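Here are my notes for your first read of this model. Keep the structure open and check each point as you go.

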Amino acid sequence: HFSQNFPNPFNSSTTFRFILDEPAYTTLKVFNILGQHIATLVQGQLGSGEYKFSWIPVGQPSGVYFYQIGVDDRFVSKKMLMLK
């Protein structure tokens with residue numbers, strides 16, 4: 001279960017929420033509009049439960065970004081907008 005980041009659009013930070021029904025290898029990565037990797041917020045085995053991770057985009061310009069949540073071999077990508 002993956003929620004859209006909040007707030008979106010955002011200014012100084014945004015939060016990602018998701019729920020894992022069972023333990024899984026999980027990744028949460030942020031990419032810019034050109035597809036360049038900007039940050040890895042999660043990379044590893046997580047237990048079942050609800051998770052919240054924040055991203056503070058220090059030094060990044062305003063614009064469209066994408067984040068990708070990977071759970072085992074399933075991936076979900078969503079768009080977000082940073083306005084300074």
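1. Start with a term. A salt bridge is a side-chain nitrogen of Lys or Arg within 4 Å of a carboxyl oxygen of Asp or Glu. This is a predicted model. How many salt bridges does a search of the whole structure find? The search finds one.

2. Which side chains meet in that salt bridge? They belong to Arg17 and Glu50, with an N to O distance of 2.7 Å. The pair links distant parts of the chain. Arg17 sits in strand 1 (residues 14–20), and Glu50 sits in strand 4 (residues 49–55). They are 33 residues apart.

3. Now look at how open these two partners are. Partly exposed covers the range between buried, under 20% relative accessible area, and exposed, over 50%. Arg17 has 35%, so it is partly exposed. Glu50 has 46%, so it is partly exposed too.

4. Next, the overall fold. The protein chain has six strands and zero helices. From the N terminus on, the order is β-β-β-β-β-β. The radius of gyration is 12 Å, close to the 12 Å that the globule rule gives for 84 residues, so the chain is as compact as a globular protein of that length. Along the principal axes, the C-alpha atoms fill a box of roughly 35 × 20 × 15 Å.

5. Consider contacts between residues at least 6 apart in sequence. Of these, 56% join residues at least 24 apart.

6. Go inside. Buried residues make up 32% of the 84 residues. The largest nonpolar core has 18 residues. Those with the most contacts inside it are Phe16, Phe18, Leu28, Val30, Trp55, Tyr67 and Met80. Each of strands 1, 2, 3, 4, 5 (63–71) and 6 (74–82) supplies at least two residues of this core. Which strand gives the most? Strand 5 does, with four residues.

7. Finish on the surface. The accessible surface comes to about 5,000 Å², and 54% of it belongs to carbon and sulfur atoms. Ile33, Leu34 and Phe66 form a nonpolar patch there, with about 320 Å² of accessible area together. Ile33 lies in the loop between strand 2 (24–32) and strand 3 (37–46). Is Ile33 buried or exposed? Its relative accessible area is 54%, so Ile33 is exposed.

Key: Residues are numbered from 1 along each chain as its sequence is written. This is a predicted model: local features need pLDDT of at least 70, side-chain atom pairs count only at pLDDT 80 or more; totals for chains, interfaces and linings use all residues. Side-chain values use heavy atoms; hydrogens and water are left out. Buried means under 20% relative accessible area, exposed over 50%, partly exposed in between (1.4 Å probe, protein chains only). Patches are made of residues with over 30% relative accessible area and no salt bridge: like charges are joined within 9 Å, nonpolar side chains (Val, Leu, Ile, Met, Phe, Trp, Tyr) within 5 Å. Accessible areas come from the Shrake-Rupley method with a 1.4 Å probe; for residues, only the protein chains shown count as cover. The radius of gyration is taken over C-alpha atoms; the globule rule is 2.2 Å times the number of residues to the power 0.38. Contact means heavy atoms within 4.5 Å. A nonpolar core is a set of buried Ala, Val, Leu, Ile, Met, Phe, Trp, Tyr and Cys residues joined through side-chain atoms within 4.5 Å.
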